Amino acid sequence: MARNKYPEETVRRILDVAEELFMTKGYEQTTMADIVDGLGGLTKGAVYHHFKSKEEIFEAVFERANRSVVARSEEILADRSLSGLEKIRALDEASAAGPSAEMWGAMRPSSDPMRSSRILAREYLDLFDVAHAFIEPAIREGIEDGSVTATHPRE
């Protein structure tokens with residue numbers, strides 16, 4: 001069996017096709033077969049080699065789209081000229097300027113926990129990851145510099 005010399009290109013193609021389908025048809029209406037069909041010759045096995053499920057592809061599409069927001073958030077946290085409160089406000093602005101809300105709306109995943117339990121659970125956990133990685137450090141800095149008052153910054 002021939003080995004793919006450019007797996008990152010294959011992943012990029014899968015995500016490009018999936019993103020387009022999710023944005024036009026919606027997440028619920030897009031099937032793995034639709035994604036494979038849109039790849040022009042790539043097999044279902046090749047797609048499953050890189051992604052275990054449609055949900056995993058969905059998460060990867062969002063992660064890729066939000067790389068610039070993550071990079072901007074890291075810059076904000078590293079900016080020593082901002083107070084903790086200013087960092088929190090800047091993080092909020094950076095997040096609001098990102099593609100997440102628009103993409104989520106266009107892709108229309110079901111909010112029914114029985115239909116999209118894995119996606120909703122992942123999004124819920126991601127909120128905590130983001131809060132602890134970006135918001136909590138800004139709150140702690142704000143406590144130190146006096147711009148934020150909080151007794152339980154992690155919460």
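Which residues touch the most other members of the largest nonpolar core? The views below start there. This is a predicted model, in which local features need pLDDT of at least 70 and side-chain atom pairs count only at pLDDT 80 or more, while totals for chains, interfaces and linings use all residues. Residues are numbered from 1 along each chain as its sequence is written, and side-chain values use heavy atoms, with hydrogens and water left out.

**View 1. The largest nonpolar core has 22 residues.** Ile-14, Phe-22, Ile-35, Val-47, Ile-57 and Val-61 are the ones that touch the most other members. At least two core residues come from each of helix H1 (7–25), helix H2 (32–37), helix H4 (54–65) and helix H7 (100–107). H1 gives the largest share, six residues. A nonpolar core here is a set of buried Ala, Val, Leu, Ile, Met, Phe, Trp, Tyr and Cys residues joined through side-chain atoms within 4.5 Å. Buried means under 20% relative accessible area, exposed over 50%, and partly exposed in between (1.4 Å probe, protein chains only). Helices (H or I, at least four residues) are DSSP runs, numbered from the N terminus.

**View 2. Val-61 and its contacts.** Leaving aside residues up to four places away in sequence, Val-61 touches Leu-15, Ala-18, Glu-19, Phe-22, Met-103 and Met-107. Contact means heavy atoms within 4.5 Å. Another core, of seven residues, lies apart from the largest one and includes Leu-77, Leu-91, Ala-94 and Phe-134.

**View 3. Ser-73 in helix H5 (residues 67–78).** Take a look at Ser-73, which is buried with a relative accessible area of 7%. Not counting residues up to four places away in sequence, Ser-73 touches Leu-91 and Phe-134.

**View 4. Ring pairs link Phe-22, Tyr-27, Phe-58 and Phe-62 into a cluster.** The structure holds four aromatic pairs. Phe-22 and Tyr-27 form a tilted one, 5.4 Å centre to centre with 55° between the planes, and both residues are buried. Phe-22 and Phe-58 have ring centres 5.7 Å apart and planes at 65°, so this pair is edge-to-face. The pair links distant parts of the chain, with Phe-22 in helix H1 and Phe-58 in helix H4, 36 residues apart. Rings of Phe, Tyr and Trp (its six-membered ring) pair if their centres lie within 6.5 Å; planes under 30 degrees apart count as stacked, over 60 as edge-to-face and the rest as tilted.

**View 5. Arg-80 and Glu-141 meet in a salt bridge.** The N to O distance is 3.6 Å for Arg-80 and Glu-141. Arg-80 lies in the loop between H5 and helix H6 (84–96) and Glu-141 in helix H8, so the pair ties together parts that are 61 residues apart in sequence. Lys-87 also forms a salt bridge with Glu-141, with the closest N and O atoms 2.6 Å apart. A salt bridge is a side-chain nitrogen of Lys or Arg within 4 Å of a carboxyl oxygen of Asp or Glu.

**View 6. Arg-140 forms a salt bridge with Glu-136.** Their closest N and O atoms are 2.8 Å apart. Both residues lie in helix H8, four residues apart, about one turn of the helix. Arg-140 is partly exposed at 38% relative accessibility, while Glu-136 is buried at 9%.
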